[in-house]
Structures are given as structure tokens and as C-alpha cells.
Amino acid sequence: MSVKLKVGDPAPEFCELAVGGEYGAGREVSLADFRGSPLVLYFYPKDDTPGCTTQACGLRDAWDELRERAQIFGVSADPVGSHEKFISKYQLPFPLLSDPGREMMIAYGVWVKKSMFGKKYMGIERSTFVIDRDGRIAAIFRKVKPGEHVKQLRAVLLEPGSATPATPEKDLPS
């Protein structure tokens with residue numbers, strides 16, 4: 001059974017290896033490291049695939065605008081070496097978290113049953129969680145369309161007069 005987190009819930013704890021950005025070749029990070037600062041966790045299926053590249057490059061291109069508003073991490077099950085190649089190939093300025101055991105994905109409810117061409121399998125649902133300064137979920141985007149991801153984040157992170165993410169009444173549409 002998959003976890004169904006809601007806006008206002010405490011964000012699940014995690015401790016994973018971050019590579020890229022200010023974390024260079026790698027350093028473990030946990031949710032507690034970001035108390036007092038908004039955090040964006042975007043879960044994606046696989047490094048260097050078309051949709052994931054579109055999503056990552058969109059964030060890269062909006063980096064100057066978004067980086068002052070929140071810490072941003074991409075999360076996938078890919079190993080560190082794959083993340084390093086992906087970061088280098090596309091000049092990604094933000095770090096990626098490696099979750100090969102899928103513990104973080106399960107905790108956030110994004111490791112789900114999927115179906116393609118009638119075949120059922122387990123996989124990562126492309127989802128984003130915006131976590132507020134107090135460690136609570138401020139916004140959730142499920143089944144994110146890669147080309148629309150930055151627009152969704154802008155709507156939450158760059159709300160005029162807001163230094164923290166807006167807190168919508170319910171999950172935002174994907």
C-alpha cells in the first residue's frame with residue numbers, strides 16, 4: 001500500500017547521499033539539515049531520459065530565479081555515478097539524491113504500481129514536494145508533466161511578497 005501524504009503533513013525524514021551543486025562528489029543530507037529553509041524534492045524516474053532531461057534542464061534554466069527561494073534536490077534510484085554523468089552532461093547547478101534502496105520514494109509515496117502497454121510494474125511517479133521552513137508539506141505536485149514543472153514551482157515559490165512557499169488548501173493540480 002502506498003503512502004498518501006497531504007499538504008500540512010510533516011515531511012517524512014530521510015538521509016540520502018547528495019551529489020552535485022554545493023555537495024560536489026557527495027555528502028549525506030537529511031530533512032533536519034533544512035529546518036528553517038524551504039525545500040523542494042522532485043522525484044523523477046531515471047537520469048538522462050527524455051522527460052527527466054526536460055524537467056532537469058527546465059530547473060537549470062530557471063535556477064537563478066528559484067535558488068534564492070528554496071533548496072532544490074532531484075531524487076531518483078539512480079546510483080551516484082549516473083547522477084554525476086547527468087549533472088555534467090547537462091550542467092545541472094543543483095544536487096541530486098541517490099535513493100537506490102527506494103526508502104525515500106516509499107516514504108513519500110512515489111514508488112507506485114504503474115502500467116504500460118497492459119504490463120504492470122513498480123516505478124517512480126514523477127512528483128514534487130515543497131516543504132516549508134518547519135518541515136511540513138506546503139505543496140504537492142503529482143504526475144508532473146516535465147515541461148510544466150517550473151511553472152508549477154514558480155506559482156508556489158515566487159508568490160509576490162512571500163519569502164516562504166504558499167500553502168494551498170489542497171494538493172495542486174498536476
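Let me start with a term: a salt bridge here is a side-chain nitrogen of Lys or Arg within 4 Å of a carboxyl oxygen of Asp or Glu. Keep that in mind, and we'll come back to it.

What you see above is a predicted model, in which local features need pLDDT of at least 70 and side-chain atom pairs count only at pLDDT 80 or more, while totals for chains, interfaces and linings use all residues. Residues are numbered from 1 along each chain as its sequence is written, and side-chain values use heavy atoms, with hydrogens and water left out.

Okay, the sheet. Helices (H or I, at least four residues) and strands (E, at least two) are DSSP runs, numbered from the N terminus. Two strands count as paired if DSSP finds at least two bridges between them. With that, we get an open sheet of 7 strands with mixed pairing, in the order β2-β1-β5-β4-β3-β8-β9. At the edges sit β2 (27-30) and β9 (137-141), each pairing on one side only. From one strand to the next, the twist averages 30°; angles like this run from 0 to 180 degrees between N-to-C directions, with axes being lines fitted to C-alpha atoms, for helices over the stretch in contact.

Let's zoom in on β3 (residues 39-43). Which way does β3 run relative to its partners? With β4 the pairing is parallel, over 5 bridges, and L39 has Q71 as its bridge partner there. With β8 the strand runs antiparallel, again over 5 bridges, and Y42 stands opposite T128.

Now, buried means under 20% relative accessible area, exposed over 50%, and partly exposed in between, with a 1.4 Å probe and protein chains only. By that rule, 5 of the 5 residues of β3 are buried. L39, L41 and F43 point one way, V40 and Y42 the other.

On to the cores. A nonpolar core is a set of buried Ala, Val, Leu, Ile, Met, Phe, Trp, Tyr and Cys residues joined through side-chain atoms within 4.5 Å. The largest one has 28 residues, and Y42, L59, F94 and V130 touch the most other members. At least two residues each come from β3, α1 (50-61), α2 (63-66), α3, β9 and α5 (149-157). Apart from that core lies another, of 25 residues, including A11, L39, F73 and V75.

What does L96 touch? Contact means heavy atoms within 4.5 Å. Leaving aside neighbours within four places in sequence, the contacts of L96 include L17, Y42, G74, H83 and F86. L96 lies in β5 and is buried, at 0% relative accessibility. Helix α3 (residues 80-90) lies across β1, β4 and β5, running at about 165° to β5.

Next, helix α5. Its buried residues are H149, V150, Q152, L153, V156 and L157. Seen down the axis of α5, they fall within an arc of 160°, so they line one face of the helix; the arc is that of the directions from the helix axis to the C-beta atoms. Among the elements covering them are β3, α1 and β8. Turned away from that buried side are the exposed residues K151 and A155.

Back to salt bridges, then. How many are there in the whole structure? The search finds 8. In one of them, K89 pairs with D48, the closest N and O atoms being 3.0 Å apart. K89 is in helix α3 and D48 in the loop between β3 and α1, so the pair ties together parts 41 residues apart in sequence. K89 is exposed, at 52%, and D48 partly exposed, at 37%.

Another joins R142 and E125, at 3.5 Å from N to O. R142 sits in the loop between β9 and α5 and E125 in the loop between β7 and β8, 17 residues apart. Are these two buried or exposed? R142 is buried, at 11%, and so is E125, at 12%.

R102 has a positive phi, near 65°, in a residue other than glycine, and is found in the loop between β5 and α4. F117 has one too, near 55°, in the loop between β6 and β7. R102 is partly exposed, at 30%, whereas F117 is exposed, at 84%.
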